[in-house]
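Please go through the following model with me, question by question, and keep each answer tied to what can be computed from its atoms.

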Amino acid sequence: MDIKVIYVHRDDDLASVVEKVLLAKAKNIVLVIFKESEIAKHRINFQILKRESQYAGKEIFVETNSDFIETICQEEGIKLAKDYQDLLESRILPIEKTQVTDIVPPKEEQLDESFEKEPKPSSQNKKEHIIPNQELERLENEETEESLIDFSNKLKIEAQETAENIPIHNQINQKSSLRSSKEIEEVSFDKEIDKTDDFWKMLEKKHANQKNKKDILVESQDTAPQAKKKKEISNFSEEIKEKKQARKWHYLIWGGIIASLTIGFYFAFFVLPRAAIVVNLKKAKKEVGLSLTVSNSIKAIDTKNYIIPGKVLTFERMASKTFIATDYKNVESKASGIIRIYNAYSSAPQVLIATTRFKSSKTGKIFRIPKRIVIPGAKVKSGKIEPSYIDVRVYADKPGESYNIGPDKFSIPGFKGSDKYYGFYAQSFKPMTGGKIGKAKVVSESDIEKAKQAISSELSALLIKEFEEKIPPEYKKIDKNFVLEKKVLQADAQPGAIQDSFSVKADFVLKGIIFKNQDLDTFARKIFSTLEESQNWDIKNINYEFSNQSFDALKNKLTASLKIEYSLVRKIDRQELEKEILGQNSDDVKKILLLRKEINSAKVVFWPFWVNKVPNDPQKLDLRFE
């Protein structure tokens, strides 16, 4: 027989026991319940256990040591394991009068006494006096601490005895060694003063020093005239040195002036001379028309088929906007709204038939569901029952504005008088709307069309702006290189709906293709290289004009008519012209430039003003073409 034994602990709540029963794989469950268990305190716990096990398709048997629990099980129709010993093969729990849980640990005072005095066995009570493990550990720790204290006291006594054995003169020497260096210096100074022989020697040395100073003063007075003569000779030699230095500076100044003039002359005639010539070349224009294709499927320019590579960009935007209804008519309408129906009763699903009533707790107004619904069963997570729910639209029982109530809680009158009345309930989070008797606003067809056009224009403008802003600077910007696709565009109300306002939802996608400026310029120059004009003319500037653009979003390909306008200048050999001009004077330069058929006009400038000849150094000639 497939059996699962579940032991119900003292603190286990009902939810955790139900969860163990539901999660068990066996169909026959034996619950071992002691009389101290929490769930044994209320009869309703056994009723719920029976109901949930039946929903789960399981059979429960109770094994207990309590006559009270056995009585409850018999009254509630729950089978006792002892009545099915043959079926269950053996008794799960041997029932005894004395359980382990009946043993009460002794108080601390009693434990201390029992530790000091060993307990004697009694003839009357054969049970042993049990000391908990925690108390034994505490007593062992106390004994250890006492032994440590005794050991430290021993060490102190030994240390005192050792200190008493040190000789007294050694202790005095140790104290004297702690004197500061300042005290030692003072003592040594006093000792030196006490020596009288040294004192008289110091006085004799002082008198000898004073005598030497007087002899030095006499010698300095005798040598004063000789020093005066030496001073006069030194002044004369200094005057001669100053004159020589003045002549030296004179020569240096004139040498500097001559060197500056020489350098200035060199710069003026060999370094500074420069010439600037601006040549205005002959110009022309050339136009080429073709059909250009921009494709996302190629990576290189195809000049033969007029195809350049492109890059596809895609953008999407969604929006929802509320609009006001503008039409009116006389109506009798019922209020409606969304309520959330909860199942906190059972893990089994619950069916509610159409027109099931829901009563408002604040106003007492009745609302009904329009069709049959199924509320999913509750869930048990971490030992707790988690209610399930479903959102349903309900309608007022009668028309009128009085049913336009605010958010509220609802009960199901059909369950009143049963356990389900408190296990199933509902709640609304938004007001009920639409209840009306009389003249009311109605959503017209024109209202819906205007709303769709408004939201379409708004989304289109946002997508086009985003597309243009996201084009990198190295890519070409042209018009109509994208398409707009309407994925969703719908209103939440039908024409004729009795509503003050309605909402329109929209979801638009913009898809476009772009291409690089460099690829277009390279393509245009390759096209020009195939023309006859490329032999005698150079490209100065290129202008592009697009028309008839058409983007295929499925093939990711853009086709457009392209007109290329080339601004051309005549080709000229720069190096050959420079060779002819270098070293020529002003008149010769003008003749050379006028005889050139590529040149339309020219301007020649020399610098500084005294220069009238082109330098021979090409680095000093600034030749430009326009």
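Q: Which residues does leucine 31 touch, not counting residues up to four places away in sequence?
A: This is a predicted model, in which local features need pLDDT of at least 70 and side-chain atom pairs count only at pLDDT 80 or more, while totals for chains, interfaces and linings use all residues. Residues are numbered from 1 along each chain as its sequence is written, and side-chain values use heavy atoms, with hydrogens and water left out. Leucine 31 belongs to strand E2, residues 28-33, where helices (H or I, at least four residues) and strands (E, at least two) are DSSP runs numbered from the N terminus. Taking contact as heavy atoms within 4.5 Å, the residues that leucine 31 touches are Ile6, Val21, Leu49, Phe61, Val62 and Glu63.

Q: Is leucine 31 buried or exposed, and what is its relative accessible area?
A: The scale uses a 1.4 Å probe and protein chains only, with buried meaning under 20% relative accessible area, exposed over 50%, and partly exposed in between. Leucine 31 counts as buried because its relative accessible area is 0%.

Q: How many residues does helix H12 have, and what distance does it reach from its first C-alpha to its last?
A: The expected span of a helix is 1.5 Å times one less than its number of residues. For H12, residues 445-469, this rule gives 36 Å, and the distance in the model is close to that value. Helix H12 thus has 25 residues and reaches 37 Å.

Q: Which strands are included in what covers the buried residues of H12?
A: The buried residues of this helix include Asp447, Ile448, Ala451, Ile455, Leu459, Leu463 and Phe467. Their cover includes strands E8 (311-324), E9 (327-333), E20 (436-442), E21 (482-491) and E22 (501-514).

Q: With which residue does the side chain of aspartate 408 make a polar contact through that residue's side chain, and at what distance?
A: Aspartate 408 lies in the loop between strand E17 (388-396) and strand E18 (409-411), and it counts as buried because its relative accessibility is 5%. Beyond four places in sequence, aspartate 408 touches Ser360, Ser361, Lys362, Thr363, Gln427 and Ser428. A polar contact is a pair of N or O atoms within 3.5 Å; within protein, one must be able to donate a hydrogen and the other to accept it, and residues adjacent in sequence count only if both atoms are side-chain atoms. The partner of the aspartate 408 side chain is serine 361, at 2.8 Å.

Q: Which backbone nitrogen lies 3.0 Å from a polar atom of the side chain of serine 346?
A: Serine 346 sits in the loop between strand E10 (336-343) and strand E11 (350-352), and it counts as buried because its relative accessibility is 4%. Leaving aside neighbours within four places in sequence, serine 346 is in contact with Glu52, Tyr55, Gly377 and Ala378. The backbone nitrogen in question is that of alanine 348.

Q: How many residues apart in sequence are the parts tied together by lysine 286 and glutamate 533?
A: A salt bridge here is a side-chain nitrogen of Lys or Arg within 4 Å of a carboxyl oxygen of Asp or Glu. The side chains of lysine 286 and glutamate 533 meet in such a bridge, at 3.5 Å from N to O. Because lysine 286 lies in strand E6 (283-295) and glutamate 533 in the loop between helix H13 (517-529) and strand E23 (537-552), the parts that the pair ties together are 247 residues apart in sequence.

Q: Where do lysine 436 and glutamate 401 lie, and how many residues apart are they?
A: The side chains of lysine 436 and glutamate 401 meet in a salt bridge of 2.8 Å, N to O. This pair links distant parts of the chain, with lysine 436 in strand E20 and glutamate 401 in the loop between E17 and E18, 35 residues apart.

Q: What accessible area does the nonpolar surface patch that contains Ile257 have together?
A: Patches are made of residues with over 30% relative accessible area and no salt bridge, like charges being joined within 9 Å and nonpolar side chains (Val, Leu, Ile, Met, Phe, Trp, Tyr) within 5 Å. Isoleucine 257, in helix H10 (residues 224-271), counts as partly exposed because its relative accessibility is 40%. Accessible areas come from the Shrake-Rupley method with a 1.4 Å probe, and for residues only the protein chains shown count as cover. Together, Ile253, Trp254, Ile257 and Leu261 have about 440 Å².
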